[in-house]
Amino acid sequence: MRRFLLAAAAALLATQSFAEASAQAPAPPKLLVVISIDQFSANLFDEYRPQFTDGMARLATGTVFRNGFQSHAMTETCPGHSTMLTGDHPSRTGIIGNTWIDQSIGRSDKTVYCVEDETQPGTSSIAYKVSPKHLLVPTLGELMKSKWPGSRTVAVSGKDRAAVMMSGQRPDQRWYWNGKTFDTDLQQAGVPQTILKARAAIAAALSQPLPPLEPTPYCQGKERPIAVTGGGKPVGTGHFGRAANDLSAFRASPEIDGDTLAIAAGLVDEMQLGRRADPDLLAISLSATDYVGHTYGTEGEEMCLQLTELDRELGDFLKLLDSRGINYAVVLTADHGGKDIPERERLAGVNDAARVDPALSPATMGKALVARLGLPGGPGLMGDSSFGDIYIDRRLRANERAALLKAAVAAYRAHPQVEAVFTARKIADTPVPATPPETWSLIQRVRASYYQGRSGDFYVVLKRDVTPIADTTRSVATHGSVWDYDRRVPILFWRPQATGTTIEHSAETTDIMPTLASMIGLQIQPGFVDGHCLKDVPGTSCPAR
Ligand SMILES: [Zn+2]
């Protein structure tokens with residue numbers, strides 16, 4: 001961010017005057033800024049809240065729901081981002097996971113990525129064409145456009161799936177890191193100057209090595225090497241020094257968040273967001289916290305440095321918005337929580353923390369069951385992980401599928417690392433709950449992640465504190481579980497006149513959309529979305545429930 005954002009800010013400040021702060025009750029915001037911090041668990045927010053001094057500290061002076069929930073079971077990036085600006089659980093957005101299996105598609109790869117168009121010839125779930133077609137409900141930006149034709153929606157992220165889920169169909173600008181550069185799926189005449197400048201600045205920065213970060217005393221206190229089982233390198237002492245052109249190090253470091261925020265800030269200026277009669281929406285998803293969590297775990301010096309830098313980058317970004325005199329409101333939340341590596345958790349007294357038994361992978365389990373039942377060849381079971389949705393090979397006959405389902409459910413249930421297994425029929429028969437999310441049973445959580453035609457034949461829930469990664473050569477920690485360390489996320493609402501209220505009762509990420517809608521005077525009919533307007537947030541006039 002500092003590299004080119006602040007230079008741009010200084011240039012603009014020279015020609016623009018500050019807006020006078022109004023003494024009256026604030027008018028509805030003209031720019032809604034929705035910030036998602038990928039994998040920013042409520043546990044991390046609680047831990048670091050006293051350490052924040054800049055942007056995060058400012059946002060924490062707003063209305064803070066410290067018990068926010070991504071209420072559903074499959075706590076992954078795509079479902080989590082799908083809830084934020086649609087107001088719906090994945091059972092309505094249709095985004096049941098980052099991927100799912102569709103055995104009816106013509107290509108050999110039956111895995112479908114949540115933001116791809118799998119009907120495009122020559123594509124796969126890895127080499128895909130980005131598309132919002134799987135998101136089945138409108139986003140806030142789309143509803144704003146139907147009320148206010150001049151309203152603009154802009155999304156920027158380190159991940160395509162985050163940008164697409166927050167902006168839905170036909171936003172005005174949508175930019176995400178594609179592994180090499182910032183890219184879009186939108187058909188449009190030209191590329192904004194902001195993007196051209198950012199691409200050049202990032203390419204130039206990447207061509208040079210980056211020196212390690214200087215840790216704060218708090219972060220230095222976390223410096224402790226931890227050995228990881230499963231082939232991965234030790235973690236706990238990383239300082240984010242980067243070799244020239246090391247793209248994976250770039251992504252798992254504060255650097256990419258700074259660039260994402262710089263692009264967002266550049267588009268605010270270039271498009272004059274928040275400065276017209278009709279309100280605009282700017283959705284930003286900051287991905288580095290997630291990559292840092294996966295690469296190093298959540299309780300080491302690396303995450304500490306990441307969150308320290310993020311605090312500062314967010315501060316710079318908010319100061320820039322202030323300097324433009326824009327009437328804006330901010331929401332900050334996360335797509336899911338996360339947990340630390342089991343090796344460090346055990347040192348902290350979490351005695352049951354463990355890595356998953358590789359025997360639970362659908363491929364291994366399917367092979368064993370196919371042999372035991374004497375079924376014809378094929379995988380038997382299909383699924384992308386040792387938990388969540390698992391599918392029965394539909395090329396088997398009906399009686400074979402029934403026998404395999406029965407045997408698979410029994411085999412998973414018998415495993416000591418498995419908490420529960422639910423069949424699709426049992427899940428479909430469960431109503432989507434409307435009670436507070438912390439009271440939901442396991443099957444209710446799974447129901448909120450269920451969408452018929454995309455979900456599996458059965459759903460496996462691992463025991464609490466089981467990390468579903470056995471081979472740690474690429475990733476050491478993850479999220480995705482039904483447990484609250486993965487479901488509980490902060491939800492912060494902030495406006496310039498914020499008074500500072502921390503709220504203990506729960507809220508859901510599905511509540512963000514109807515709350516923002518109320519703030520800008522957009523009517524959402526009761527029952528139109530799963531979420532509810534949060535009356536604790538200043539500037540709302542929520543309908544009676
Ligand atoms: Zn995520």
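**Briefing: sheet, aromatic contacts and cores**

Gly388 has Val460, a residue of strand β14, as its bridge partner. That bridge belongs to a predicted model, in which strand β12 (residues 388-392) and β14 pair in the antiparallel sense over 3 bridges.

- The open sheet contains 4 strands, arranged in the order β11-β12-β14-β13, and their pairing is antiparallel.
- At the edges are β11 (381-382) and β13 (418-423), each of which pairs on one side only.
- Helix α16 packs on this sheet and touches β11, β12, β13 and β14, while its direction makes about 160° with that of β13.
- As background, the strands of a sheet pair through backbone hydrogen bonds, which may run either parallel or antiparallel.

**Aromatic pairs and a cluster**

- How many aromatic pairs does a search of the whole structure find? The search finds 10, and one of them joins Phe240 and Tyr296 in an edge-to-face arrangement, with 5.9 Å centre to centre and 85° between the planes.
- Phe240 lies in the loop between α9 (217-220) and α10 (247-251), whereas Tyr296 belongs to helix α12 (residues 288-296), so this pair ties together parts that are 56 residues apart in sequence.
- Phe240 counts as buried, at 9% relative accessibility, but Tyr296 is partly exposed, with a relative accessible area of 22%.
- Tyr412 and Phe458 form a tilted aromatic pair, with 5.7 Å centre to centre and 55° between the planes.
- Because Tyr412 lies in helix α16 (residues 398-414) and Phe458 in strand β14 (residues 458-462), the pair ties together parts that are 46 residues apart in sequence.
- Tyr412 is buried, with a relative accessible area of 0%, and Phe458 is also buried, with a relative accessible area of 0%.
- Tyr48, Phe52 and Tyr218 together make up one aromatic cluster.

**Charges over the ring of Tyr291**

- The charged end of Lys159 sits over the ring of Tyr291, 5.0 Å from the ring's centre.
- Arg251 lies over the face of Tyr291 as well, at 3.9 Å from the ring centre.

**Nonpolar cores**

- The largest nonpolar core has 57 residues, and Phe40 and Phe317 are those with the most contacts inside this core.
- Which helix gives the most to this core? Helix α13 (residues 301-323) does, with 10 residues.
- A second, separate core is made of 49 residues, including Met144, Tyr176, Val331 and Leu534.

**An enclosed helix**

- In helix α7 (residues 160-167), 8 of the 8 residues are buried, so α7 is largely enclosed by the rest of the structure.
- Just after α7 comes Gly168, which takes a positive phi of about 65°.

**A loop proline**

- Pro436 lies in the loop between α17 (424-428) and α18 (442-447), and at 40% relative accessibility Pro436 counts as partly exposed.
- Between Pro436 and Asp384 there are 52 residues of separation in sequence, and the two are 30 Å apart in space, taken C-alpha to C-alpha.

Conventions:
Residues are numbered from 1 along each chain as its sequence is written. This is a predicted model: local features need pLDDT of at least 70, side-chain atom pairs count only at pLDDT 80 or more; totals for chains, interfaces and linings use all residues. Side-chain values use heavy atoms; hydrogens and water are left out. Rings of Phe, Tyr and Trp (its six-membered ring) pair if their centres lie within 6.5 Å; planes under 30 degrees apart count as stacked, over 60 as edge-to-face and the rest as tilted. Helices (H or I, at least four residues) and strands (E, at least two) are DSSP runs, numbered from the N terminus. Buried means under 20% relative accessible area, exposed over 50%, partly exposed in between (1.4 Å probe, protein chains only). A charge sits over a ring if NZ of Lys or CZ of Arg is within 6 Å of the ring centre and within 35 degrees of the ring normal. Two strands pair if DSSP finds at least two bridges between them. Contact means heavy atoms within 4.5 Å. Axes are lines fitted to C-alpha atoms, for helices over the stretch in contact, and angles run from 0 to 180 degrees between N-to-C directions. A nonpolar core is a set of buried Ala, Val, Leu, Ile, Met, Phe, Trp, Tyr and Cys residues joined through side-chain atoms within 4.5 Å.
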